[in-house]
Amino acid sequence: MSGNPDDLPFFGDDDMPSPAQPGGGIAARAMAARRGPSTPYLEGLNPEQRLAVETTEGPVLVLAGAGTGKTRVLTTRIAHILATGRAYPSQILAVTFTNKAAREMKMRVGVLVGEAVEGMPWLGTFHSIGVKLLRRHSELAGLKSSFTILDTDDQIRLLKQLIQAEGLDDKRWPARQFAQMIDGWKNKGLAPGDIPEGDARAFANGKGRQLYAAYQARLKTLNAVDFGDLLLHPIRVFREYPDVLREYHAKFKYILVDEYQDTNTAQYMWLRLLAQRQAGSVNVCCVGDDDQSIYGWRGAEVDNILRFEKDFPGATVIRLERNYRSTAHILGAASHLIAHNEGRLGKTLFTEQSDPDDPKVKVHAAWDSEEEARGVGEEIEALQTKGHALNDMAILVRASFQMREFEDRFVTLGLNYRVIGGPRFYERQEIRDAMAYFRVVAQPADDLAFERIVNVPKRGLGEAAVRQIHDVARMRGVPLLQAARDLVGTEEMKPKPRAALRTLAESFERWQSQIDRVSHTELAEQILEESGYTDMWKNDRSAEAPGRLENLKELIRSMEEYESLRGFLEHVALVMDAERDEGLDAVSLMTLHSAKGLEFDTVFLPGWEEGLFPHQRALDEGGRTGLEEERRLAYVGLTRAKRNLHLWFTSNRRIHGLWQSTLPSRFLDELPEAHVDVAEDGGGYGGYGRSAGQPGRPNPYGRSRFDDTSFSNSYATPGWQRAQRNRTDATDRNWGTRSGHQAERIGYGETDSGYGAGRGSVKGRTIEGELVAKSVSDSPSAFKIGDRVFHMKFGNGNVAAIEGNKLTINFDKAGQKRVLDGFVKAL
DNA sequence: TGGCGAACTCTTTTT
DNA sequence: GAGTTCGCCA
């Protein structure tokens, strides 16, 4: 395998011609074709959009609200730069966050400019451009240009090894958690030496930094990088080799950045290095919307966008506020909601489409998530019979576990749906296994891949054998595959594993020798056949085996689009999603995060409950900032809808397998009444103390806030009350012991934030949550002192005292207990 | 060494 | 509740 990046289709056409020799015919022709007085692509732009397109020189910040034609501006701007001959395609650096966005941009520029886009080698995601830079300058970063990119799986396995090698308990210090920490550091652009003391101490009794350094060293020996390195290495190269940086300064005449509000510190540093030069104009154009910054948890710094004018003095700031997407009701709801945030740059979206027939935003209540799914399903079917296409509808959830209920429902209804960004194709076990085989073939030094499949399928090479191979590898300083070969030639191994290992090593040799002789798809099939991998699944009688075989076929099929095995591997490392059939008419189901940038006629937003949305963890970890980010997420959700918008909340939801009663999201209270309707479609909001198993019974304890038509303006938000309750109750909870005394309640807040004392005692937490839905009513209890009540666990008793919704009850048999009113029934 | 049951964690969002 | 990991036993 040569490490020449030009082998890769991904890198295919590179960025010359230089301005001195226009050479490349296509781009030149395209430009010539577009040159002259006619600029048809500018037609139909509004004045602000046009300004954003035509202000090509100097720093420009485009604040583009939702649905204001942001992508159109970006693509037209590129087209304009090309068409007016300001730059060659290879002189434009255009960065996006997602592959989806990059693809879309490529396509749309292509439509505007013709084939010239083929010559835009520097349009891509931060990461794909990072790889490209790093392949060119790998030696400056201490790597070979054939370096591999680790996926999360590899990364965690590697970290686990390192943690164990330190003699640490990898249960107490989980690799997964450490991987996230490293990720966080890398997002901030921190090398092991730069980590603040406190951070370094936080993991493994202060060994955090040392482990991080060990991890980086290990990556280097493996000739591998992780996602964060794709940014950090180029940054370091730029800093240490100014002439390299200057080369790119000369190269990139125009820089465009999409979704600027989502850039993290490392990306920001990367951009600054490329954009800020000693002299001359900096033609950098960043497009973003501070109200749609939803990746703070991943290290994104909204500050970057708020600070743009300081970073680039003399910047032109252009606001796009005319919304072309949504009705006035939807826009009104979204704007009113987002106005609750502080620290915004502030935009006022407006629309000229206003029709008295436009439906208001609808809020629906359901008893539980099942009913919620049923309700949404009914609505979808109703729309379908009215002639709406399923493709125009989407369900956007806060957390992916919510998807399940909908999938179940749609399967029963026979309704087509498509999950976007769900469990990723390339993350499936069988795909990863197959890929590991391919990696070892293409990349014999890829130890992590080798390790993954030495004993898959089982060939009697267990832990003992693997350790032996490891020892040899370490001793001789060679990759595992090489060590295996060496070991086969000796008597050191027992005959059985030795034979197995010999077969494997020989197979790899054979496959490697085939690499240039047969097509890569053929080779791939051969590998999977001869390794026994496909047989393994054929012999597997489990329900999912056929699907896995199908996926493997799909994998081979998708390889056809690539020229070489290496090109394919590169693609997979960066693009974790596989494209899906767009032909089908289907409802889209995805998380709010992956919905950014999309739009649908009809949007359903289920799960607007405290604790889920806003998510409890966002509140716990992020405080006010966290809440504001959740609100922006809500804003993103609302503004995806063009015409119909349905919000749902349920009064009971199962979390960790336990039923919990929930409260409507505070965000519902933040919507303007003028634009919102409360649906009359029944729904079972309300009930306290009802058994989860019997939905639909009348609510015995009064009315919901939503029984009254309006959201009574109790800004005394339920969430705060609950948060406080959780905190105080955490102390007087009596965790169950194995023998059966159990806590009366559990709550969102404490489920996994059991710090300190909680840690050890979390074990015995078997709570009868499945019996009765929990109540966390903030209305006074419906019981009176002296009431005769029944409790599932403790039996009959009399109410002795009432404190909010907590009751002290003298049980006939169990004695005096404090319980929540939700757990008892009046007799 | 591998298979089976018990125990434990997990659920935010992703390049 | 579910998926995964761990530990014991054959």
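Colleague: Hi! Where does Gly69 lie?

Modeller: Gly69 sits in the loop between β1 and α3. Keep in mind as we go that this is a predicted model.

Colleague: Thanks. Is Gly69 buried, exposed or partly exposed?

Modeller: Gly69 counts as partly exposed, because its relative accessibility is 23% and the buried class stops at under 20%.

Colleague: What does UniProt say about that stretch?

Modeller: An unreviewed UniProt entry carries the annotation "binding site" for Ala64, Gly65, Ala66, Gly67, Thr68, Gly69, Lys70 and Thr71.

Colleague: Let's take Ala66 from that list. Where is Ala66 found, and why does it count as buried?

Modeller: Ala66 is in the loop between β1 (60–64) and α3 (70–83). It counts as buried because its relative accessibility is 2%.

Colleague: Which residues is Ala66 in contact with, leaving aside its neighbours in sequence?

Modeller: Beyond four places in sequence, the contacts of Ala66 are Asp289, Gln292, Asn323, Arg325, Leu349, Tyr635, Thr639 and Arg640.

Colleague: New topic: Thr327. Where is its place?

Modeller: Thr327 belongs to the loop between β8 (316–320) and α15 (328–338). With 4% relative accessibility, Thr327 counts as buried. Setting aside neighbours within four places in sequence, Thr327 is in contact with Thr351, Asp358, Lys642 and Arg643.

Colleague: And what about α15 itself, how many of its residues are buried?

Modeller: Eight of its eleven residues are buried, so α15 is largely enclosed by the rest of the structure. Among the buried ones are His329, Ile330, Leu331 and Gly332.

Colleague: What covers those buried residues of α15?

Modeller: The cover includes β9 (361–368), α28 (616–638), β14 (641–655) and α29 (666–669).

Colleague: How far apart are Asp368 and Arg201 in space?

Modeller: They are 43 Å apart, C-alpha to C-alpha, and 167 residues apart in sequence.

Colleague: Okay, and Phe238, which helix is that in?

Modeller: Phe238 is in helix α10 (residues 229–240). Phe238 is buried, at 2% relative accessible area. Leaving aside neighbours within four places in sequence, its contacts are Leu133, Val244, Leu245, Tyr248, Leu273 and Leu274.

Colleague: Which residues lie nearest the centre of the largest cavity?

Modeller: Those are Ile149, Met435, Arg439, Leu569 and Ala573, out of 25 lining residues. The lining of the largest cavity has eleven nonpolar, three polar and eleven charged residues.

Colleague: Which elements each supply at least two residues of that lining?

Modeller: β4 (148–149), α6 (152–165), α18 (429–442) and α26 (565–574) each do.

Colleague: Last one: what surrounds DNA strand C?

Modeller: Arg404, Arg654, His656 and Gly657 surround DNA strand C. By class, the residues of the surface near DNA strand C are two polar and two charged, with no nonpolar ones.

How values were computed
Residues are numbered from 1 along each chain as its sequence is written. Chains are lettered from A and ligands numbered from 1 in the order in which they are written. This is a predicted model: local features need pLDDT of at least 70, side-chain atom pairs count only at pLDDT 80 or more; totals for chains, interfaces and linings use all residues. Side-chain values use heavy atoms; hydrogens and water are left out. On a 1 Å grid over the protein atoms alone, a cavity is a set of points where a 1.4 Å probe fits but cannot get out, and a pocket is an open set with protein on both sides within 12 Å along at least five of seven lines; lining residues have an atom within 4 Å of a point. Helices (H or I, at least four residues) and strands (E, at least two) are DSSP runs, numbered from the N terminus. Ala, Val, Leu, Ile, Met, Phe, Trp, Tyr, Cys and Pro count as nonpolar, Asp, Glu, Lys and Arg as charged, and the others, Gly among them, as polar. UniProt positions are given in the numbering used here, feature names are shortened, and annotations may be inferred rather than shown by experiment. Buried means under 20% relative accessible area, exposed over 50%, partly exposed in between (1.4 Å probe, protein chains only). Contact means heavy atoms within 4.5 Å. A residue is near a molecule or strand if one of its heavy atoms lies within 4 Å of it.
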